[in-house]
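Me: I have a structure open and would like to go through a few of its features. Could you help me read it?
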Amino acid sequence: MDDALVFSALVLALSGQLVQEIHANVSQQGFEDLRPAHGFAFARISVGGATTADLAEHLGVTKQAAAQLVEELVRKGYVERHPHPHDARARLLGLTETGWAATRAADQAARAAVAPWREVLGEARFSELVADLTLLAPPGPIRPAW
């Protein structure tokens with residue numbers, strides 16, 4: 001069996017499961033109007049310094065698609081725009097209190113979603129897995145600096 005293909009399939013399956021479980025839990029906590037793509041946007045916006053162009057790059061979409069997503073999140077009350085201190089044409093994106101509440105709900109949902117993995121692997125192996133995945137994860141603004 002090809003380990004590379006097995007690894008790819010397993011990581012994709014776990015990723016899909018994680019996204020679905022987080023989304024379901026966040027919806028159950030009262031944020032029914034959010035989609036998984038919104039969570040990926042919140043992850044970038046929450047670290048600060050994000051413009052619509054930065055968000056487009058983070059999400060791998062066009063600037064127009066990111067602008068539509070931002071407009072939707074502004075309209076729903078999750079995101080607000082602020083003047084950019086160095087570029088009069090750009091706006092910095094920030095989460096509103098409702099956006100931060102949704103982010104906290106997603107954090108709680110993520111902890112709950114991986115709890116069974118932690119239980120199966122045990123604390124030591126789970127910590128090793130996190131360390132190994134940290135080595136493999138791409139650099140970027142949402143990657144925590146542990």
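Me: Which residues does T103 touch, not counting those up to four places away in sequence?
Reply: In this predicted model, T103 touches F42 and L95 under that condition.

Me: What does the side chain of T103 reach?
Reply: The T103 side chain reaches the backbone oxygen of G99, at 2.9 Å.

Me: Is T103 buried or exposed?
Reply: T103 is buried, because its relative accessible area is 12% and buried means under 20%.

Me: And where in the fold is the place of T103?
Reply: T103 belongs to helix α5, which covers residues 97-136.

Me: Changing topic to α2 and α3: at what angle do their axes cross?
Reply: The axes of helix α2 (residues 36-45) and helix α3 (residues 52-59) cross at roughly 125° and come within 10 Å.

Me: Which residues make the contact?
Reply: From α2, the contact involves A37, F40, A41, R44 and I45. From α3, the residues are D54, L55, H58 and L59.

Me: What feature does UniProt place at residues 1-138?
Reply: The UniProt record, an unreviewed entry, places "domain: HTH marR-type" there.

Me: How much of that span is helix, and how much is strand?
Reply: Residues 1-138 are 70% helix and 7% strand. The end C-alpha atoms of this span lie 27 Å apart.

Notes: Residues are numbered from 1 along each chain as its sequence is written. This is a predicted model: local features need pLDDT of at least 70, side-chain atom pairs count only at pLDDT 80 or more; totals for chains, interfaces and linings use all residues. Side-chain values use heavy atoms; hydrogens and water are left out. Helices (H or I, at least four residues) and strands (E, at least two) are DSSP runs, numbered from the N terminus. Buried means under 20% relative accessible area, exposed over 50%, partly exposed in between (1.4 Å probe, protein chains only). A polar contact is a pair of N or O atoms within 3.5 Å; within protein, one must be able to donate a hydrogen and the other to accept it, and residues adjacent in sequence count only if both atoms are side-chain atoms. Contact means heavy atoms within 4.5 Å. UniProt positions are given in the numbering used here, feature names are shortened, and annotations may be inferred rather than shown by experiment. Axes are lines fitted to C-alpha atoms, for helices over the stretch in contact, and angles run from 0 to 180 degrees between N-to-C directions.
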